[in-house]
Amino acid sequence: MAFSPSNASAGLQISLLLSFFMAAFAGPFLDSFDYNWGQSNSQILNNGDLLTLSLTKESGSGFVSKNQYVYAKIDMNIKLVAGNSAGTVTAYYLSSQGQYHDEIDFEFLGNLSGDPYILHTNVYCHGQGDKEQQFYLWFDPTADFHTYTILWNTQAIFFYVDGIPIREFKNLESSGIPFPSYQPMKLYSSIWDADNWATRGGLVKIDWTQAPFTASYTNFNDKNACVSYYGTITSCNTPNSNLNNNGWLWQTLDYSDQGKLKWVQDNYMIYNYCTDSKRFPQGFPPECYVNNKY
C-alpha cells in the first residue's frame, strides 16, 4: 500500500490505541489470566492490580488462569456483589477438563439486600461431585475484600476464609476413595445468572434493574504451587526437597486450626451432605466417616 498522510495518521492512531490497551491491561492479572467469556463485561484497573467481572442481562463474564496446577495453594482477595444480588453466582474454583474431571469449588450465592450470602463448597473427584457443604460468613463479604484460599496438597483439600479453615476433604485414596491427585487443574472465576436455583431454590429471581452486578478481585497469589506443562510438573519441588521451603505440600491442620474449623462448622455451617440422611437413606458416602469428624 502506498504511503499517504491519511495512512500515516491511521497508523499513528493504531499505535496509540495499542499503547493504550497495553497500558490498560498490564500487570499481574494480564500475566496470570485470560478472559474465557464476556470480556466486554470485565475490566482490569489500578495498573493491573484489580480485576472486575460483571453480569448484565446480556452476558456474564469470567477468566481462567494461564497456568495449570497439580497441587497448589492459591489465594485471591474478592469483594462480592453488593446490594440485591439475588439469583447471581460468583464462582471461584479449580477444575480439570473432560468427563471425569476433578474440581474444587467456592461458589457465592447471592441474596436479597440485607440477607446473607451463602458460601457453597463442593469437591469433584473423577467426575463425581455431590459433596456439598454450605456456610454463612461471619462478616459482610460485599463491604471489603476478603481472602479465599484453596489449598490442595498430598494430604487433603482445605478451604480457608481469611486464613481460617472452613472445610477439610482428606486424601483417602489408600482406602479406595477417589481424590484429585493427577489431573492438572486451572483456576477459574466467573459471575453468572443462576436464578433458577441460587436463591431460595430459585424462588427469588434476578432484579435486572440492579445490573450490572460486579465482583472485584485483587492480590492473586499462586507462589506455592506445582505448575504443570503438557502433563509434566516442571516447577514443583519433590518430596526430596527441603520441607521447610515447601511445607504447604504436606500441610495438615494443627490443633489450633482444628479448633478454628470446629468453630466455623458449629456456628456457620448450614448444610453438610455428610449429615443429610434423607439424601442418603442407605448410608452416607464413606469419606463422611473421616472427613466429618470435627
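1. Let's start with the largest pocket: in this predicted model, the largest pocket has a volume of about 170 Å³. Its lining is made up of 16 residues, and those nearest the pocket's centre are D115, P116, Y117, D140 and P141. By type, the lining residues of the largest pocket are eight nonpolar, six polar and two charged.

2. On the overall fold, you will find four helices and 15 strands in the protein. Of the contacts between residues at least 6 apart in sequence, 66% join residues at least 24 apart.

3. As for burial, the protein has 294 residues, and 49% of them are buried. The accessible surface comes to about 14,500 Å², with 52% of that belonging to carbon and sulfur atoms.

4. The aromatic residues deserve a look of their own, with a count of 19 aromatic pairs. One of these is F33 with F63, an edge-to-face pair at 4.6 Å centre to centre and 65° between the planes. This pair links distant parts of the chain, since F33 sits in strand β1 (residues 33–37) and F63 in strand β4 (residues 61–79), 30 residues apart. F33 counts as buried because its relative accessibility is 4%, and F63 is buried too, with a relative accessible area of 1%.

5. Another edge-to-face pair is Y273 with F280, at 6.4 Å centre to centre and 70° between the planes. Y273 has 1% relative accessibility and so counts as buried. F280 has a relative accessible area of 18%, which is under the 20% cut-off, so F280 is buried as well.

6. Finally, back to F33 and F63: together with F29, Y217 and F220 they form one aromatic cluster.

Technical notes:
Residues numbered from 1 in each chain as written. Predicted model: local features only at pLDDT ≥ 70, side-chain atom pairs only at ≥ 80, totals over all residues. Heavy atoms only, no water. 1 Å grid on protein atoms, 1.4 Å probe; cavity = no way out; pocket = protein on both sides within 12 Å on 5 of 7 lines; lining within 4 Å. Points joined across faces, edges and corners; volume = space filled by probe spheres on them. Nonpolar A, V, L, I, M, F, W, Y, C, P; charged D, E, K, R; others polar. Helix = DSSP H or I, 4+ residues; strand = E, 2+ residues; numbered from the N terminus. Buried < 20%, exposed > 50% of the residue type's maximum accessible area, 1.4 Å probe, protein only. Contact = heavy atoms within 4.5 Å. Areas by Shrake-Rupley, 256 points an atom, 1.4 Å probe, with all protein chains shown as cover. Phe/Tyr/Trp six-rings, centres within 6.5 Å; stacked < 30°, edge-to-face > 60°.
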